[in-house]
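Have the picture open as you read.

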Amino acid sequence: MNMIQAQTVQTLALLEPFDCLDPATLGRLAHGVRSVRASRGEMILHRGTEPGGMYLVLEGEVKLFLISSAGAEKVVRLAGPGDTFCEENIFSGTRQTLAAQATRSSIVLHLQRNALQAAMAAQPQFAMALMARLSERMQELVEGMEQCTQRSSTQRVAHYLVQHADGDDGEVHLPCDKQTIASQLNLTPETFSRVLNRLRRDGFIVPRGRRAITLTNRLQLERIAA
């Protein structure tokens, strides 16, 4: 095992779901790992591509999105450090339905499907952990569909703010720009801004610069979101 593979094994051993693998299996898995460095705005995976495995984000952030026939972007998920994407490709070998793009300078590992399948066969608990992660993705997708189809624009924004508030202090640190958040909520940036302004005028929130918001009436926001 060379130095790069040894470093990869050490990195994977600290992250779910790879932390349930024994050193020997991790070593075999690390043998075919490819490191991808992407600058902000760089495409990591195009829609329709056959990934040949799954990706693990080590640093930065990756945007998974769709483009409509009219050219509008719909952000489905943001993957940060420790997150994975393309897990479904391990089981089906299908082409990717979502494009993946770095939203900031990022380091992403690509793990080969054959090596992942061998690791699942060697250690069933790893296969179970991957299935659990896929189940979480399915749940997130259903919740996102509910958010976008059954809630008003005000409900969507209120729900997002409540979800991202830090503890009980009511501080929200927006993880990305407002255009990306609007896309996640299936709103135009203009609608997103109008809703924020309305919530500010009604005394529910206080903006703190470009990326921070204080919830001044969290209880009422929770009622709106519901």
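Two strands count as paired if DSSP finds at least two bridges between them. In this predicted model, 4 strands form an open sheet in the order β9-β10-β12-β11, with antiparallel pairing. β9 (165–166) and β11 stand at the edges with a single partner strand each, so one side of each has no neighbour in the sheet.

Now look at β10 (residues 171–173), which pairs with β12 over 3 bridges in the antiparallel sense.

## A helix with a hidden face

Helix α8 covers residues 189–201, and its 13 residues reach 18 Å from the first C-alpha to the last, close to the 18 Å expected. Which residues of α8 are buried? They are T191, F192, V195, L196 and L199. Seen down the axis of α8, these buried residues fall within an arc of 135 degrees, so they line one face of the helix. An α-helix has 3.6 residues a turn, so residues three or four places apart point the same way.

What covers the buried residues of α8 includes α6, α7, β11, β12 and α9. After α8 comes G203, with a positive phi near 85 degrees.

## Rings that meet

There are 2 aromatic pairs in the structure. F18 and F126 make a tilted one, 5.8 Å centre to centre with 40 degrees between the planes. These two sit 108 residues apart in the chain, and both are buried.

The rings of Y55 and F85 have centres 5.0 Å apart and planes at 5 degrees, so this pair is stacked. Y55 belongs to strand β3 and F85 to strand β6.

Technical notes: Residues numbered from 1 in each chain as written. Predicted model: local features only at pLDDT ≥ 70, side-chain atom pairs only at ≥ 80, totals over all residues. Heavy atoms only, no water. Expected span 1.5 Å × (residues − 1). Buried < 20%, exposed > 50% of the residue type's maximum accessible area, 1.4 Å probe, protein only. Arc of directions from axis to C-beta. Contact = heavy atoms within 4.5 Å. Phe/Tyr/Trp six-rings, centres within 6.5 Å; stacked < 30°, edge-to-face > 60°.
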